[in-house]
Amino acid sequence: MIAPIDEKLLAKANQLTKELVLDNDKLRTVMEFLLKECELGLRDDEAATVKMFLTYVRNVPSGKEQGQFLALGRLDIILSPRFLGFYADLGGTNFRVLMITLKGDDAKLDSDIYAIPQEIMVGPGKNLFDHIADCLINFIVKHKLESKKLPLGFTFSFPCVQYGLASAKLVTWTKGFDCPDVVGYDVVKLLKEAIKRKGGKKNIFVDVVAIINDTTGTLMSCAHRNRECRVGLIVGTGCNACYMEDLQKIEKWPANYTEPKQVIINTEWGAFGCNGMLDFIRTEYDRKVDENSLNPGRQIYEKMVSGMYIGEILRQALVSLVNAKVLFDGQMPKNLDQKYNLLAKYISRIDTDVYKSYTNTKYVLEKHFAKSNYTVTDLEIIRETTRRVSHRAASLVSAGCAVILNRMERKHTVIGYDGSLLRYHPHYRKWMEEKIKYLIKPNMTFDVMLSEDGSGRGAALVSLYTKCNKSILCLHSLIGRCRFLC
Ligand code: BGC
């Protein structure tokens, strides 16, 4: 017979982790603070933690723009056989290269994923960009594309000040990357130089023609399928959002009020809290995660909600419960006291268990932590603590989305999203939908929509823009057209 749950011990564990539970009042305070930071960012105030970068993308795809696109005489590009759209994506632990080949109305996608070794993520920028160039060249050679001039769209998912479609200066690294000599430099220029260094003798001619953040790519991809989409959200390794803002509400907008009077803002909200504004809800586990990170004191909001960190928050919480002799009778399981050993995907797995069914929790314990002796109380403590960590993350991201929706004051808005945590966690999306609904102004509605292929397919055709007038209009027309074709 299974022993019953030790309610006293469970209550003690819940008491020790109680700060992980956020009530709605706290969430509303988070919203108030985040809005203030966004407003500072839009004024270009030096003290702003949320930078609210201008993307210069002024519209989202629509049927009308596709018409314009065709009217501009671009049909020949889209329909010419074997025209190649080319796309590279750096943002997490992998580097992805994707190519679109168009034949008439058919589009063929080929993509390869290359690992970025840990020692390259941290160190001289030259090594990183040389590695990216090597991967690109490998792809080009594999597909027998040498000697062709290939326009390339580059999704670079880090905070950048953008100076145009193909020029972006890195402000800081995030998500486990740290190549300090790149900060302050134009990453497009660095990539072009690396391609030249590595590909010069091999007849490789890649032209990096556009750079976008993954949030912008996601917004554009989703907007093509649903014209009410005005927000792009990523909850994966990192977390960030972009949205369409009125020019009148952007103090730092450089006085050009031509139509359309709007622009996509890349909020870079992951940095929220690095001036102490989130200290009122941060726990000892958050502080430990931050102290042990590559970038202490930075990306505080991101560190409370995203896939790279939430496993580590849970690990810190479980370690402290073991140390308090509340969990596993004080016996530390093998591997649990090793940093970053509890991955976000284990959280998704544990959160799949419903009350008093622990199949997945047991699986994670046995498979990943070599722990086979546990009580039902241990299992319930782990299940509840896990749910607290992930539910708090979803609530905080919801507060961020609600700030944006309330600010836009649209009757109905679609939030396009992507990112492994939000995609694969069994309840994150549902929790977000419930919480956002609660936090937005009355009479507003919203939907959330998964971007089928991240910013991938869209960004591939961004690279075609060189054949058009070099205008932002072309950028989004092309993205729209791409979704249509694929
Ligand atoms: C980066 C953002 C990016 C987000 C999601 C963050 O760490 O700063 O630029 O959009 O991760 O990939």
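Helix H5 passes helix H6 in a right-handed crossing, a term for a near helix turned clockwise from the far one by less than a right angle. This is a predicted model, in which local features need pLDDT of at least 70, side-chain atom pairs count only at pLDDT 80 or more, and totals for chains, interfaces and linings use all residues. Residues are numbered from 1 along each chain as its sequence is written, and side-chain values use heavy atoms, with hydrogens and water left out.

The axes of H5 (residues 125-142) and H6 (residues 187-199) come within 8 Å and cross at roughly 60°. H5 is therefore oblique to H6; angles under 35 degrees count as roughly parallel, over 145 as roughly antiparallel, 65 to 115 as roughly perpendicular and the rest as oblique. Axes here are lines fitted to C-alpha atoms, for helices over the stretch in contact, with angles from 0 to 180 degrees between N-to-C directions. Helices are DSSP runs of H or I with at least four residues, numbered from the N terminus.

Which residues of H5 and H6 meet? Among them are Phe129, Ile132 and Leu136 in H5, and Leu190, Leu191 and Ile195 in H6, where contact means heavy atoms within 4.5 Å.

I turn now to a second pair. The axes of H2 (residues 24-42) and H13 (residues 376-408) come within 9 Å and cross at roughly 55°. H2 is thus oblique to H13, and their crossing is right-handed. The contact includes Leu27, Val30 and Met31 of H2, together with Ala399, Val403 and Arg407 of H13.

Technical notes: Helices (H or I, at least four residues) and strands (E, at least two) are DSSP runs, numbered from the N terminus.
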